[in-house]
Structure formats: C-alpha cells, structure tokens
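Subject: Structure handover

Hello,

Here is the structure for you to look over. Please open it alongside this note.

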Amino acid sequence: YSKKPWLRADSVNSNDVEPGGFKYGPYPRYWVESERREEFKTTSDIHRCVWGWKRHVEAALGDTVDFDHEKLLVVRYEDLVKKSEAESKKILDFLKVSDHENETLFYEAISKIHDKSIGGWAEEISKSDMDLISMEAGELLDKLDYK
C-alpha cells in the first residue's frame with residue numbers, strides 16, 4: 001500500500017486521482033477523524049498508509065458484526081499463498097462453484113501468487129516506522145493475529 005502514490009507526499013502536485021476519485025497526496029480523506037486531519041497532512045507516508053489500512057479494516061469488520069456468519073468467509077492472503085489448495089477449495093465451496101471450467105479459471109488465477117509477495121515489508125520498514133505502525137494499528141494487528 002505504501003508503494004502506491006495515493007497518500008504519498010511526493011504525489012502532491014501530480015494532479016492524478018486514485019480509483020476512488022481523490023487527488024493523490026497527503027490530503028485527509030473522508031475516513032480521517034476530524035480532530036486528526038492536520039496530523040494526517042503532516043505525518044509520514046507510512047503512517048498515512050497504515051492509518052488508511054486500519055480505518056478500512058475497522059469499517060469492514062464493523063459491517064460484519066450483525067452479519068450471518070454462514071454468509072461470510074474471511075480469507076487471509078497469507079493463508080491463500082501458503083495453503084493455496086486448501087484455501088482455494090474453501091473459497092470455491094463457499095461460493096458453491098463446482099463446474100470444472102470456473103474451478104480451472106480460479107486455480108489459474110491463484111497460481112500467479114507467490115510467497116515472495118508476503119513478509120517482504122519486514123526488511124523494508126525501519127524500527128521507527130514499526131513503532132509508528134504499532135502505535136497506530138497495534139491493537140487491530142493483535143486482534144487479527146498479525147503480531
């Protein structure tokens with residue numbers, strides 16, 4: 001997420017817009033708490049990214065509180081990468097996909113993911129950025145068993 005230009009300070013004068021229609025740059029979005037809007041503008045790029053991730057995940061989790069859990073499947077990307085066959089079967093079963101053509105298309109798509117796409121962040125993020133991530137989203141990371 002941090003490699004995308006959407007929230008980065010160096011994108012401020014690009015005049016580009018993200019898929020949601022918001023200008024690239026450190027501009028507070030609708031999901032930024034009103035009392036923290038100034039902080040959002042001036043904090044680091046990595047902080048804005050983890051802030052956005054946290055707010056979106058909290059919103060998604062909040063929307064599932066009253067959800068019929070038989071109609072909800074939570075898929076962790078890491079599990080999909082590490083246990084792709086079992087996770088793929090779980091997804092296909094949940095979606096009630098049983099025809100060979102669609103199963104094959106799904107497995108072909110899943111075969112394009114690889115384990116290099118997970119965990120690399122640990123080598124790229126500084127200790128101070130890790131502290132900031134922990135401060136902003138530590139509770140949620142713990143709740144989701146990501147620590």
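Below is what turned up, from the whole chain down to single residues.

Please keep in mind that this is a predicted model.

Overall make-up first. The protein chain has seven helices and zero strands. Its pattern along the sequence reads α-α-α-α-α-α-α. The C-alpha trace spans about 50 × 35 × 35 Å along its principal axes. Of the 147 residues, 26% are buried. The accessible surface is about 10300 Å², and carbon and sulfur atoms account for 53% of that. Among contacts with a separation of 6 or more, 40% join residues 24 or more positions apart.

Next, a helix pair. Helix α2 covers residues 45-63 and helix α7 covers residues 127-143. They pack at an angle of about 10 degrees, with axes 9 Å apart. Angles under 35 degrees count as roughly parallel, so α2 and α7 are roughly parallel to each other. On the α2 side, the contact includes Ile46, Val50, Trp53 and Leu61. On the α7 side, it includes Leu132, Ile133, Leu140 and Leu141. By class, this contact has 12 nonpolar, one polar and five charged residues.

Then the cores. The largest nonpolar core has six residues: Leu7, Trp31, Val32, Phe40, Cys49 and Trp51. Leaving aside neighbours within four places in sequence, Val32 is in contact with Arg37, Phe40 and Trp51. A second, separate core has five residues, among them Ile46, Val50, Ile133 and Leu141. Those four also belong to the contact of α2 with α7.

Best wishes

How values were computed
Residues are numbered from 1 along each chain as its sequence is written. This is a predicted model: local features need pLDDT of at least 70, side-chain atom pairs count only at pLDDT 80 or more; totals for chains, interfaces and linings use all residues. Side-chain values use heavy atoms; hydrogens and water are left out. Axes are lines fitted to C-alpha atoms, for helices over the stretch in contact, and angles run from 0 to 180 degrees between N-to-C directions. Helices (H or I, at least four residues) and strands (E, at least two) are DSSP runs, numbered from the N terminus. Angles under 35 degrees count as roughly parallel, over 145 as roughly antiparallel, 65 to 115 as roughly perpendicular and the rest as oblique. Contact means heavy atoms within 4.5 Å. Ala, Val, Leu, Ile, Met, Phe, Trp, Tyr, Cys and Pro count as nonpolar, Asp, Glu, Lys and Arg as charged, and the others, Gly among them, as polar. A nonpolar core is a set of buried Ala, Val, Leu, Ile, Met, Phe, Trp, Tyr and Cys residues joined through side-chain atoms within 4.5 Å. Buried means under 20% relative accessible area, exposed over 50%, partly exposed in between (1.4 Å probe, protein chains only). Accessible areas come from the Shrake-Rupley method with a 1.4 Å probe; for residues, only the protein chains shown count as cover.
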